[in-house]
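Subject: The structure we talked about

Hi,

Here is the structure I promised you. Have a look at it first, and then read on for what turned up.

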Amino acid sequence: MATTTTAVTVAGRDDEETARRLIACWLAEDAGRESAPERAAEAGPTGWNVPPAPAREVVAVARRLAVQGLAGRAWPVPAAAHLVLARVLVVDEHPSVNAWTERERVELGGWVAVLMQRCGEEGVQRLTAALAARR
């Protein structure tokens, strides 16, 4: 696992494709635990089980969570690897992503990357819960 993760952080021009291959490997390893139709039904049409929403609303929630507790301190700059993972695992999986501009996707990716950098998977879970509560 460490070798594959390292590839994501050092693969200059192919970061997004490398991350997608890494995730596909993880999903293949996990395939025996739960059937693909069950996962698809649970997640909906994309991979992220949150309600459709305009990008500005999703960005606002991600920004609020990413900077929570940073009053008076500088906001962190996301690492390149977090930007790639945020785009592949979160932004591109939102059910409304096709309605968003590239600029909106990049902005959301930046905030999600900061959230991931600060809080790890728990940050993405908090974002998911906050967006799901808006139903």
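Let's start with R56: its relative accessibility is 60%, so it counts as exposed. Keep in mind that this is a predicted model, so everything below is computed from it.

E57 forms a salt bridge with R56, and their closest N and O atoms are 3.7 Å apart. Unlike an exposed residue, which needs over 50%, E57 reaches 27% relative accessibility and so counts as partly exposed. E57 sits in helix α4, while R134 belongs to the segment after α7 (121–132), so this second pair ties together parts that are 77 residues apart in sequence. The side chains of E57 and R134 meet in a salt bridge too, at 3.6 Å from N to O. R134 is partly exposed, at 47% relative accessibility.

How many salt bridges does the structure hold? There are five. Another one of them links the side chains of R87 and D92, with 2.8 Å from N to O. Are R87 and D92 buried or exposed? R87 has a relative accessible area of 15%, which makes it buried, and D92 is buried as well, at 17%.

Now for the aromatic side chains. A pair of aromatic rings is described by the distance of the centres and the angle of the planes. The count here comes to one aromatic pair. It is made by W75 and W111: their ring centres are 5.2 Å apart and their planes stand at 70°, so the pair is edge-to-face. W75 is in the loop between α4 (55–67) and α5 (80–89), and W111 is in helix α6 (residues 102–119), so the pair ties together parts that are 36 residues apart in sequence. How exposed is each one? W75 is partly exposed at 49% relative accessibility, whereas W111, at 14%, is buried.

A99 is exposed, with a relative accessible area of 69%. From A99 to P52 the C-alpha atoms are 9.9 Å apart in space, although the two residues are 47 apart in sequence.

Cheers

Key: Residues are numbered from 1 along each chain as its sequence is written. This is a predicted model: local features need pLDDT of at least 70, side-chain atom pairs count only at pLDDT 80 or more; totals for chains, interfaces and linings use all residues. Side-chain values use heavy atoms; hydrogens and water are left out. Rings of Phe, Tyr and Trp (its six-membered ring) pair if their centres lie within 6.5 Å; planes under 30 degrees apart count as stacked, over 60 as edge-to-face and the rest as tilted. Helices (H or I, at least four residues) and strands (E, at least two) are DSSP runs, numbered from the N terminus. Buried means under 20% relative accessible area, exposed over 50%, partly exposed in between (1.4 Å probe, protein chains only). A salt bridge is a side-chain nitrogen of Lys or Arg within 4 Å of a carboxyl oxygen of Asp or Glu.
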